[in-house]
Amino acid sequence: AFKSFHKRKERWAVVVAHRRAGKSVACINDMIRRAITDGKENARYAYIAPYYNQAKSVAWDYLMRFSEPIRKNQNISELWVELVNGARIRLFGADNADALRGLYFDGVVLDEYGDWRAGVYSTVIRPALSDRKGWAVFIGTPKGKNSFYDLWEGAETEESWMRLKVKASASGILDAEELADAKRSMTDDQYSQEYECSFEAAVVGAVYSKEMAMVRDADQISRVPYDPSLPVHTAWDLGVGDA
């Protein structure tokens, strides 16, 4: 399911994947491979979760396990590993952005980006990538139309961005029996959000959310050419307190 992600050539990537798809495993392995093959001197890479303890719980065991064949050193208290070529991969939490200031990175993974505090990437992480021409990967599961949704939508027309959506119905990672059991214990919106990567379904009580998801999946919403010399009419039903 992540082959196209590992083969990407773009500098920036956004990955929307269902629960238990293995996006953290994919990103840790991708980072290890790039750290050992990029050939940069004193290379530095970071896996950053919304919270420091979250980064440790989610990624540390994976980092230790998959780096073991080429790992030269590690620091458990600071959550970094050093590979045989001197490259280091370290875990951070976006909740302590000041700990990232003054550092440089050759590549970063930003986990559950929709839960990040506004401004941390643009003011702290992005500048740390500049002098080394570092890359960034944004990963997560939808939680409504937040900053992660904006990133996903904005990347659609950018040549320097790679987008990947991994739905449970198409990935083959979880078997049909497990998905059916999960669906029985969840609402349609919950299942669509967590397993089918729907940004629409995350809005509790949204009208026509299921129908909107269906037409989006069928690619029936798109940009179309029009004659600018003719009037164009749009109809809006915003509702009360529309965001």
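This is a predicted model: local features need pLDDT of at least 70, side-chain atom pairs count only at pLDDT 80 or more; totals for chains, interfaces and linings use all residues.
1. Overall architecture. The protein has nine helices and eight strands. Its C-alpha atoms occupy a box of roughly 60 × 50 × 35 Å along the principal axes. Of the 243 residues, 42% are buried. Among contacts with a separation of 6 or more, 69% are between residues 24 or more positions apart.

2. Strand S7 covers residues 135-140, and six of its six residues are buried, so the strand is largely enclosed by the rest of the structure. Side chains in a regular strand alternate between the two faces of the sheet. In S7 both faces are covered: one side carries Trp-135, Val-137 and Ile-139, the other Ala-136, Phe-138 and Gly-140, and all of these are buried.

3. Strand partners of S7. Strand S1 (residues 12-17) pairs with S7 in the parallel sense over five bridges. Within that pairing, Val-14 has Phe-138 as its bridge partner. Strand S6 (residues 107-110) also pairs with S7 in the parallel sense, here over four bridges. Gly-107 stands opposite Trp-135 of S7.

4. The side chains of Glu-194 and Arg-19 meet in a salt bridge at 2.5 Å, N to O. Glu-194 lies in helix H8 and Arg-19 in the loop between S1 and H2, so the pair links parts of the chain 175 residues apart. Glu-194 counts as buried at 17% relative accessibility, whereas Arg-19 counts as partly exposed at 25%.

5. Arg-101 and Asp-98 form a side-chain salt bridge of 3.1 Å, N to O. Arg-101 is partly exposed, with a relative accessible area of 48%, and Asp-98 is exposed, with 57%. Elsewhere, salt bridges that share partners join Arg-8, Asp-30, Arg-33 and Arg-34 into one network.

6. Surroundings of Arg-90. Arg-90 is placed in strand S5 (residues 88-93) and is partly exposed, with a relative accessible area of 30%. Leaving aside residues up to four places away in sequence, Arg-90 touches Tyr-45, Ala-46, Tyr-47, Glu-78, Leu-79 and Trp-80. A polar atom of the Arg-90 side chain lies 3.2 Å from the backbone oxygen of Glu-78. Gln-74 is 16 residues from Arg-90 in sequence, and their C-alpha atoms are 9.6 Å apart.

7. A nonpolar surface patch. Val-207, Tyr-208, Met-212 and Ile-221 make a nonpolar surface patch of about 420 Å². Tyr-208 is located in the loop between helix H8 (188-194) and helix H9 (209-217). With a relative accessible area of 58%, Tyr-208 is exposed.

Key
Residues are numbered from 1 along each chain as its sequence is written. Side-chain values use heavy atoms; hydrogens and water are left out. Helices (H or I, at least four residues) and strands (E, at least two) are DSSP runs, numbered from the N terminus. Buried means under 20% relative accessible area, exposed over 50%, partly exposed in between (1.4 Å probe, protein chains only). Contact means heavy atoms within 4.5 Å. A polar contact is a pair of N or O atoms within 3.5 Å; within protein, one must be able to donate a hydrogen and the other to accept it, and residues adjacent in sequence count only if both atoms are side-chain atoms. Patches are made of residues with over 30% relative accessible area and no salt bridge: like charges are joined within 9 Å, nonpolar side chains (Val, Leu, Ile, Met, Phe, Trp, Tyr) within 5 Å. Accessible areas come from the Shrake-Rupley method with a 1.4 Å probe; for residues, only the protein chains shown count as cover. A salt bridge is a side-chain nitrogen of Lys or Arg within 4 Å of a carboxyl oxygen of Asp or Glu. Two strands pair if DSSP finds at least two bridges between them.
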